Amino acid sequence: MREQIVDALKGHNADYIEIRLEDGKSSRLQYRGQELEDIGQSTGSGGNVRALVNGGWGFISFNDPGELRAKVELAVKQARLVGNEKSLIAQSDPIVDIVPLELIKDPLSISLNDKKRLLDEYIDVIWSTPSIQTSTISYSDGYKKVVFANSEGSYIEQSRVDVTARITAMARDGSDVQQSGISIGSKGDFGVVEDIHQQIKGCAERAVQMLAAPKVKGSQYTVVLDPILAGVFTHEAFGHLSESDFVYENDRMREIMVLGRKFGKPLLNIVDGGAVPGYRGSYKYDDEGIPSTKTYLIKEGVLVGRLHSRETAAKMGERPTGNARAISYSHQPIVRMSNTYIEPGATTFEEMISDIKEGVYAKNWYGGMTSMEMFTFSAGEAYMIRNGKIAELLRPVVLSGNVFTTLENIDAIGNDLDMNQGGGCGKGGQSPLAVSNGSPHIKISDCLVGGS
Amino acid sequence: MKIIESLLNKAKKVSEQAEVFWVTSQNTDASFEANRLKSVETRQGRYLSLRIVKDGRIGYSSTNKIDNVDEILNMALDVAKFGAKAEFELPSLQNYPKVEVYDDNVNHVPIKQMVDLGNTMIATVRDHNAEVICEAGVTKNAISVTLLNSNGGQASYEKTSFSLGVEGLLTRGTDMLFVGEHESSCRPLSDVSKITTATIRQLERAKETAPPIQGQLPVVFTPKGVAIALISPLVIAYNGKNIVQGSSPLVNKLGQQMYTEEISVYDDATINYRPGCRICDDEGIASRKTPLIENGRVSNFLYDLQTAGMAKAQSTGNANRGGGLPSPSSSTLIVAEGSTSVEDIIADMKQGLVIEILMGAGQGNTIGGEFGGNVLLGYKVENGTIVGRVKDTMVSGNIYSALKEGVVIGDRSAWVGGMLKTPSIYCPLLSVTTQS
């Protein structure tokens, strides 16, 4: 196969060409209520060709890898239709590498029967909670091998195994429905979905308690975020802003995102890095064959870096960071995050809440969205903070704000960094991409909380 | 065709019921970034899935590798040991309504013409305001669907679609304004004026930034605003899965008045040339028009075969496959028009909001009916007039209290993205919070 790929790349009149071929298999189990509603297995393969001519891109994706050379020709032809300037992508030395699969406990080696037995235990935990109306569990795992080659002589083979699970318990009182859930995930370790009975029990009990919980009064509050929600905040509120494809061709955005600009207090440090090992967003090479890095985005409150593809790096005169990622062969790589987190500080959780007279402690997440300037994210669990103590449970809250002022308003950073592996990121129709995000507990003053 | 027939024949021999579903697709996309053409993409795809019932239980597998029929069958047999109990009989050969969703002209739209359409959209918007930076997309798509089952049921149809969209970003300091519109049809679109006029109107309305307001205030959702904020919490409660499971607030509420009498909503998969329509659903059940809300009363829920069997009801022809087993979902939604023009509604407002985009509206407890988020694009109304854009403002509510007394439905509806047609909806009191 390697020979065919390398041959197909030769002798075209293009500035750059790459071929990506994928092969994979996956399985999933979905419970709705106590029943295993959906269990299935699938296999898949496909590939793409991307070509650059005079600054324009042509892209072909397919399931049938036959006649690869003709596909390259078509991609080049399409690129030629688009391009009308000089092609510009960052220089990169060719890389030839076969990356071994990283596995801790291979989910593909666990029988369907054993997976089902484990999930049945979790169902029992949820349904033994009084007043639970119903529950859902969705579990999936998958193996994917990606072969990448480009016209500059790179040839890279990489494989990965992913595991994700989302468990939700629902309680109902008449037409009032409340839910509480947990999301978990890992790269190559089935172990993360084992032995979580206690967490699930807490989640089911909380769904029931929420029926009796009050709604927060919509207002501005001092808000403390737990590591999971603070991680989502970091990803949504700042991470997307540091993706250079939003910046590189927009002069106004380039002014806003000028390196050296102050974004927060000196205690704030934000990092993204596919080279940070052991998380869902970890990889050796991105989907343009560029080695992953660890990039400081904010250091001591000041903007010091951003995430790049080869094209955005070249056009901004910076170095590629290995952040061009594609969710599958049917998409072009675009600038994405990998593992994004706030570095830990020195404050303990108790110290952080001790001087808050009235505030909100928001934990866990439903989701988040950003429009660069504005962000919104929802907490799956929330409590009032009164006189320095955690007080009553609230209905889930939605937090929203302006990125620039909110980052400035981070007043305290905890000493308890934790990474959230249960999420996936969506951008440009490519969702959910394997990423992780994390943070210690953080305190934000004057945060907008929606409510009654 | 040979492959799917041979797979069905093999599956029939080792199971009680079997069904093969086969889709091929072809898609071409011209995408524009920073005001100019960035790339042209072509995608070819295929997808084969097998559902069997073996010893009363459902087995399922899917692949896009079609060289090994035995592997597909073995994967399905493997999981059938654990699968859910089948509560359905696959349909025999049926008569389907005539629903036109294929126009061969879509396949013949040259890439050059798609590029011209994108350039025209961008040029028109930038002609109004040269500081706006635009992204745009022009896409043509064709799919072919074939379904065969062991009870003699079979269906096959082709569908084309064509869509246009533009999004503009206006940046001033760190202030960002996002505007844009999109449209799709099963036939080629050649007139971009609907999209550009709507986008320019958004820019005009958002020209000034209005001082913030908060409290319990009246809110008008434009058709786009209805699509983003209200439809998902509304429709999720009608999904047969949530009914069977008891997680829908509408369980045991059939025939009851749950919303204002002003509102009626239909699911209709039989409208010609709408991309969400088709002759039959993904299980071969004939498409139809199903009332969900009639004058505020709950009329029907949306079922596929399995959920209908569990609910002791009939499938409503709403099975959809998103890569897994069929599951009920809405096809094309129609919100019935009211009798008041949106201009009159706004003219009657003393102080309130008009919302086009509520960012993050679908993140919360949608099954409980909740919607809430940041007003990404919305305007303030003062004494009957739109006075400018609002910022740093959150709106939240629950459809089971928001769509009650005092709701007014606009008299002119618009298609939003090809799958929903709705007028504007006025809610008399929603919680509005703002940052000082």
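Mentor: Let us begin with pairing: two strands pair if DSSP finds at least two bridges between them. Please keep in mind that this is a predicted model.

Trainee: What makes strand 10 of chain A and strand 11 of chain A a pair?

Mentor: Two bridges join strand 10 to strand 11 (residues 302-303) of chain A, and the strands run antiparallel. One bridge sets A:Lys299 against A:Val302 in strand 11 of chain A. Strands 10 and 11 of chain A form a hairpin with two residues between them, and A:Glu300 in the turn has a positive phi of about 50°.

Trainee: How do you know that strand 9 of chain A pairs with strand 10 of chain A?

Mentor: Strand 9 (residues 270-273) and strand 10 (residues 294-299) of chain A are linked by four bridges in the antiparallel sense. The requirement is at least two bridges, so the term applies. Within this pair, A:Val271 stands opposite A:Tyr296 of strand 10 of chain A.

Trainee: Which strands pair between chain A and chain B, and in what sense do they run?

Mentor: Strand 3 (residues 56-62) of chain A and strand 2 (residues 36-54) of chain B are joined by five bridges and run parallel. In strand 2 of chain B, B:Ser39 stands opposite A:Trp57. In the loop between strand 2 and strand 3 of chain B lies B:Asp55. B:Asp55 has a positive phi of about 50° although it is not a glycine.

Trainee: Why is helix 4 of chain B called roughly parallel to helix 5 of chain B?

Mentor: The axes of helix 4 (residues 111-128) and helix 5 (residues 193-205) of chain B come within 10 Å and cross at roughly 30°. Angles under 35 degrees count as roughly parallel, and helix 4 of chain B is therefore roughly parallel to helix 5 of chain B. Their crossing is right-handed. Helix 4 of chain B contributes B:Met121, B:Thr124, B:Val125 and B:His128 to the contact, while helix 5 of chain B contributes B:Ile195, B:Thr196, B:Thr199, B:Ile200 and B:Leu203. By class, this contact has five nonpolar, four polar and no charged residues.

Trainee: What is the angle at which helix 3 of chain A and helix 4 of chain A pack?

Mentor: Helix 3 (residues 112-127) of chain A and helix 4 of chain A pack at about 35°, with their axes 8 Å apart. Helix 3 of chain A passes helix 4 of chain A in a right-handed crossing. The contact is made by A:Glu121, A:Tyr122, A:Val125 and A:Ile126 of helix 3 of chain A and by A:His197, A:Ile200, A:Lys201 and A:Ala204 of helix 4 of chain A. Five nonpolar, one polar and two charged residues make up that contact.

Trainee: Into which domains is each chain divided?

Mentor: Chain A is divided into domain 1 (2-212) and domain 2 (219-450), and chain B into domain 1 (2-203) and domain 2 (208-436). The C-alpha centres of the two domains lie 22 Å apart in chain A and 23 Å apart in chain B.

Trainee: How many residues make the contact between the domains of each chain?

Mentor: In chain A, 32 residues of domain 1 are in contact with 28 residues of domain 2. Strand 7 of chain A gives the most to the domain 1 side, with seven residues. In chain B, the contact takes 30 residues from domain 1 and 27 residues from domain 2. Strand 6 of chain B gives the most to the domain 1 side there, with six residues.

Trainee: What kind of peptide bond joins A:Ser431 and A:Pro432?

Mentor: The bond is cis, with omega about -10°. A:Pro432 belongs to strand 24 (residues 430-434) of chain A.

How values were computed
Residues are numbered from 1 along each chain as its sequence is written. Chains are lettered from A and ligands numbered from 1 in the order in which they are written. This is a predicted model: local features need pLDDT of at least 70, side-chain atom pairs count only at pLDDT 80 or more; totals for chains, interfaces and linings use all residues. Axes are lines fitted to C-alpha atoms, for helices over the stretch in contact, and angles run from 0 to 180 degrees between N-to-C directions. Angles under 35 degrees count as roughly parallel, over 145 as roughly antiparallel, 65 to 115 as roughly perpendicular and the rest as oblique. A crossing is left-handed if the near helix is turned anticlockwise from the far one by less than a right angle, and right-handed if clockwise. Two residues are in contact if their C-beta atoms, placed from the backbone, lie within 7 Å. Ala, Val, Leu, Ile, Met, Phe, Trp, Tyr, Cys and Pro count as nonpolar, Asp, Glu, Lys and Arg as charged, and the others, Gly among them, as polar. Domain bounds come from an automatic or database domain assignment.
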